[in-house]
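Here is my note for a reader new to this structure. Please keep the model open as you go through the points.

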Amino acid sequence: MSRRIRTAAPARGDRRQQPQRRATPIAPLICFLASGTSGLVYQVVWMRELTLVFGATTLAVSTVLAVFMGGLAFGSLTGGRWADRAKRPLRLYAWLELAIGLYGLAIPFLFSLLPTIYQPLWRTAGLSFFTLSLVRFVLAGLVLAIPTVLMGATLPVLSRVVARRAEAVGRDVGMLYTVNTVGAVIGASLAGLFLIPSIGMAGTTAVAAILNLVAGAVAYAMDRRQTLEPEVASDGAVEAPRSQVLTRPASIALFAAFGVSGIAALVYEVAWTRALSLVLGSSVYAFTIMLT
């Protein structure tokens, strides 16, 4: 019996029976760090530019946050579907970053066109301040919809690249979100405290766009150098993700609670920016500190 036990035991070097823990790839994390940095640089710049359009900090902050988060939400939903269908998700991520960078360069020009649209409308139709603000909100939202949707799609697409094993999905996606948020902290602080005062809004926008373009170029080069295959289990079958099954009422309650927490978070952001601007006397510094 003892001989049978020793014979049946897996060999010490049999990696099929003893799968090794795979480290999260570093290069995609660096790309996503740059992506997070550029995203918050854009957000600070857009708030400053829209303050000139709206003439009021609170309206500009509310517009940027609403459109930014709405675009991220829709982009995450759409990007998840793209990622599931994409044969080369890393290349798809590269195209997303390149598109964000190119569109980001065009946004200052698009913002400069907004007064030529709403000012004649205001004069001819005699719009009230509320109606005019609503028109400005819609126009600004149309300008920012494309880049924010593309930004939202980057996380699920890159998650498909990094999270290759079912038992490590939480760790890998959590690491992605961590480095992206660290990049956001860097981007918000750099834009408001250093870049805009030193090189202006046009130069700051160019810095953010360059980060997107570099991240896209690196991801594209990585895709050309390697072919990613799905991880397999020890028995040779492709591993399927494991998930906890919730009842329909529990799922509805969970999504509702998560949505309410999102509402509360964005209300805090607008209120804190307004309160900080009264203390600091600068809307850009207040918005920067709040985001950071």
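Which residues have the most contacts inside the largest nonpolar core?

1. They are W46, L50, Y93, F111, L144, L158 and F287, in a core of 58 residues. Such a core is a set of buried Ala, Val, Leu, Ile, Met, Phe, Trp, Tyr and Cys residues joined through side-chain atoms within 4.5 Å. Buried means under 20% relative accessible area, exposed over 50%, partly exposed in between (1.4 Å probe, protein chains only). The largest share, 13 residues, comes from α2.

2. A word on the basis. This is a predicted model: local features need pLDDT of at least 70, side-chain atom pairs count only at pLDDT 80 or more, and totals for chains, interfaces and linings use all residues. Residues are numbered from 1 along each chain as its sequence is written, and side-chain values use heavy atoms, without hydrogens and water.

3. Helix α2 covers residues 26–54. Helices are DSSP runs (H or I, at least four residues), numbered from the N terminus. Of the 29 residues in α2, 23 are buried. G55 follows α2, with a positive phi near 75°.

4. Look at L50 next. Beyond its neighbours within four places in sequence, L50 is in contact (heavy atoms within 4.5 Å) with G55, A60, T63, V64, F111, A140 and L144.

5. L190 lies in helix α6. L190 is partly exposed, with a relative accessible area of 33%.

How values were computed. Helix = DSSP H or I, 4+ residues; strand = E, 2+ residues; numbered from the N terminus. Expected span 1.5 Å × (residues − 1).
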